[in-house]
Amino acid sequence: MQPITARHQLRFVGVRNHTGLDDRTLRKAAARGELTQVARSAFVGSSVWTALSIDERRRLVLAARAARAKQPIVFSHRSAADLHGVPMTGRRDTGVDVLTTLANGSRREHGFTKHASAMPDLEVVDVEGLRVTSVARTVVELAMVLPFRDAVASADWALRRGIPRQELLALLDLLGTGAARKRGARVIAFADPRSGSPDESKSRALIDELGFPPPDLQARFEDEFGFIGDVDFFWSHVPLIGEFDGAIKLRDPAMLRGRTPAEVVRDEKRREDRLRRQGPLVVRWGHEDLSMSRLGTILFGAGLRPVV
């Protein structure tokens, strides 16, 4: 596969590229809207930029930053997650995370967040011509720095992808110290490959922080007509089913499976009616409910009580 910079024909001020465009021509093209600036002194064709997804744009920006860096860099933490496609929840940092040595020290400068490490070359891989911490190392380092409810999504995804929990714990022992290691260990111990999406992961973390009993994940339900479905969360002692309603199910072709959004809503209603006939109450929440106060109110109102 071509490096990201070559594939999208990034053009840089101060570097005469294969098209022969000089700095003045580049800036004029940007002023006319033919080029879009993606980083300092870095441009890409506007038609290319428009066609890219949000995640693809982020990866292109990182590639541009790497190409203009004075020294070779190793992307880490959130930036490495962007390059690997590791899911994250919570606020996205617009800065660029890179590793540096203990001698240089951790610091922020010129749009880079530099993370000092005793082992900056451990678990470093090539991603389309860029040096990036491995998926496992990236997930471990996110577990040590992100809030618990946001780090869980990445750790769940890693287990679901087949990375052994013991591998994550071994890396944590090598990389973590003090409070950071303790935070990382909590995330990795809590991670569960059955979690179906980043927002389901965040929901589960919030449920834990609220003190509610842990739910069963992907519990299977059937009735006299056959299989109804696997539910996101189930508390058998209430009994209560919890479902995260992500808007993606109305947009993603894989989830639409040839149906219109209206047909998806209809099918969800029929599924929920069948679930309710089995006895449990069914409650739903969405992305806007992923806070301690809102999710706590929903679950408490449905009869769930914190563990004493």
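Q: At 24% relative accessibility, is arginine 149 buried, partly exposed or exposed?
A: Buried means under 20% relative accessible area, exposed means over 50%, and partly exposed lies in between (1.4 Å probe, protein chains only). Arginine 149 comes to 24%, so its class is partly exposed.

Q: What kind of model is this?
A: Residues are numbered from 1 along each chain as its sequence is written, and side-chain values use heavy atoms, leaving out hydrogens and water. Local features need pLDDT of at least 70, side-chain atom pairs count only at pLDDT 80 or more, and totals for chains, interfaces and linings use all residues, since this is a predicted model.

Q: Which helices does the pair of glutamate 209 and arginine 149 tie together?
A: A salt bridge puts a side-chain nitrogen of Lys or Arg within 4 Å of a carboxyl oxygen of Asp or Glu. Here the N to O distance is 3.0 Å. Helices (H or I, at least four residues) and strands (E, at least two) are DSSP runs, numbered from the N terminus. The partners are 60 residues apart in sequence, so the pair ties together helices α10 (198-209) and α7 (148-160).

Q: Are arginine 271 and glutamate 243 buried or exposed?
A: These two form a salt bridge, with their closest N and O atoms 2.5 Å apart. Arginine 271 in helix α12 and glutamate 243 in strand β11 are 28 residues apart. Relative accessibility is 15% for arginine 271 and 4% for glutamate 243, so both count as buried.

Q: What is the strand order in the open sheet of three strands?
A: Two strands pair if DSSP finds at least two bridges between them. β4 (96-101) and β5 (107-109) each pair on one side only, as edge strands. β4 and β6 pair in the parallel sense over six bridges. Pairing in the sheet is mixed, and the order is β4-β6-β5.

Q: Which residue in β6 stands opposite threonine 100?
A: Strands of a sheet pair through backbone hydrogen bonds, either parallel or antiparallel. β6 covers residues 112-117. The residue opposite threonine 100 is alanine 116.

Q: At what angle to β4 does helix α5 run?
A: Axes are lines fitted to C-alpha atoms, for helices over the stretch in contact (heavy atoms within 4.5 Å). Angles run from 0 to 180 degrees between N-to-C directions. Helix α5 (77-84) lies across β4 and β6, and its angle to β4 is about 120 degrees.

Q: How many salt bridges does the count come to?
A: One of them joins lysine 114 and glutamate 109, at 2.7 Å from N to O. Asp245, Glu268, Glu272, Arg276 and Arg284 are linked in a network. The count comes to 23.
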